[in-house]
Amino acid sequence: MPELPEVETIRAELEPQLTGRTIVGVRVYHDDLILGGHTRRAFSRGVRDRTFLHVGRRAKYLLFTLGRAGPTDEPERIIRVQLRMSGKFWLGATRPDPEEFRHPGIELRLDDGRVLFYDDTRRLGGFDLLTPAEWAVLESRIGPEPLASSFSAARFGERFAGSRAPIKNALLDQRRIAGVGNIYASEALFRARVDPRRAGGSLDTEEVVRLHRAVRAVLREALSWAGTTFRSYRAVNGRSGSFQSRLRVYGREDEACRRCGDPVERVVQAGRSTFFCPSCQS
């Protein structure tokens, strides 16, 4: 599932292309890709003739803020996109390569003749149309952004104080920290030399500082490589991420640890695979 670096990569690619463009047509191929109880007709009415004011990201969500052109008292609308396992975008004047984009989901036709095309093989993601007030309620349940300048090591440690949950599971809890998923939690814990099975509240001050630094470092590095592509994730127009070649433990079960040479192990925590080096992270 795309995590913070993947969604932020997509946001950065779409933002300069979409800002100021107006949606002049909508096509929804599958009703289940319209989330939040909206019908495809209600969604289409809600976004048609609206202009992209901003393309943002919060946690693992992509956010399209829409408004009307010219003076108006009509409130803005926000399309919240959940990419889930296989959502991806194409933006262009022609339809995408049918071999790469084989599962059309939603098309937003723009006033400059291009189409923003959303493809979703598994149809687990989709678009939700919200008012700013509705989004504010949902956002209040999401933890702080780990790359924000205000997200200090002390604030990071407060998110796990007293927690009995394994630190790996706690890192995945979007109510504690936004945007960290399975790949980057495993990688950060390895860099910080913290056993993923330990209770979050058991970390001492030095370990909290190391893990805080590692989380921020691995997210920044993954961003610089456009994220991690194993199978489904693609940036805009089918571009793959490249960070998979730089992973130190994730997906490397039984391979030699790049730090000590001992085999990398895998355990299952809360239904998710965790990769770690028992020698380096003891």
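In helix α7 (residues 205–224), Glu206 and Arg210 lie 4 residues apart and are therefore separated by about one helical turn. Helices (H or I, at least four residues) and strands (E, at least two) are DSSP runs, numbered from the N terminus. The two side chains form a salt bridge in which the closest N and O atoms are 3.3 Å apart; the term denotes a side-chain nitrogen of Lys or Arg within 4 Å of a carboxyl oxygen of Asp or Glu. Glu206 counts as exposed, at 54% relative accessibility, whereas Arg210, at 25%, counts as partly exposed. Buried here means under 20% relative accessible area, exposed over 50%, and partly exposed in between (1.4 Å probe, protein chains only).

The model is predicted, and local features need pLDDT of at least 70, while side-chain atom pairs count only at pLDDT 80 or more and totals for chains, interfaces and linings use all residues. Residues are numbered from 1 along each chain as its sequence is written, and side-chain values use heavy atoms, with hydrogens and water left out.

By the salt-bridge rule, the count comes to 20. One of these salt bridges joins Arg21 to Asp111, with the closest N and O atoms 2.7 Å apart. This pair links distant parts of the chain, 90 residues apart: Arg21 belongs to the loop between α1 (4–18) and β1 (23–28), and Asp111 to the loop between β6 (104–110) and β7 (115–120). Both ends count as partly exposed, Arg21 at 26% relative accessibility and Asp111 at 38%.

A further salt bridge is formed by the side chains of Arg57 and Glu145, at 2.9 Å from N to O. Arg57 is in strand β2 (residues 50–58) and Glu145 in the loop between α3 (132–139) and α4 (153–158), so the pair ties together parts 88 residues apart in sequence. Glu145 counts as buried, at 16% relative accessibility. Through salt bridges that share partners, Arg57 and Glu145 belong to one network with Glu8, Arg11, Arg58 and Glu139.

Aromatic pairs number 14 in the structure. Rings of Phe, Tyr and Trp (its six-membered ring) pair if their centres lie within 6.5 Å; planes under 30 degrees apart count as stacked, over 60 as edge-to-face and the rest as tilted. The pair of Phe101 and Phe117 is edge-to-face, because the planes stand at 75°, with the ring centres 6.3 Å apart. Phe101 is located in the loop between β5 (87–92) and β6, and Phe117 in strand β7, so that distant parts of the chain, 16 residues apart, are linked. Phe101 and Phe117 are both buried.

Tyr184 and Phe243 form a tilted pair, at 6.1 Å centre to centre and 50° between the planes. As Tyr184 lies in helix α6 (residues 182–192) and Phe243 in the loop between α7 and β9 (265–269), this pair ties together parts that are 59 residues apart in sequence. Tyr184 counts as buried at 1% relative accessibility, as does Phe243 at 0%. One aromatic cluster is formed by Phe43, Phe52, Phe64, Phe89, Tyr118 and Phe127.

Charges over rings were also examined, the criterion being NZ of Lys or CZ of Arg within 6 Å of the ring centre and within 35 degrees of the ring normal. Arg80 lies over the face of Tyr61, 4.7 Å from the ring centre. Arg259 is placed over the face of Phe190, at 4.1 Å from the ring centre.
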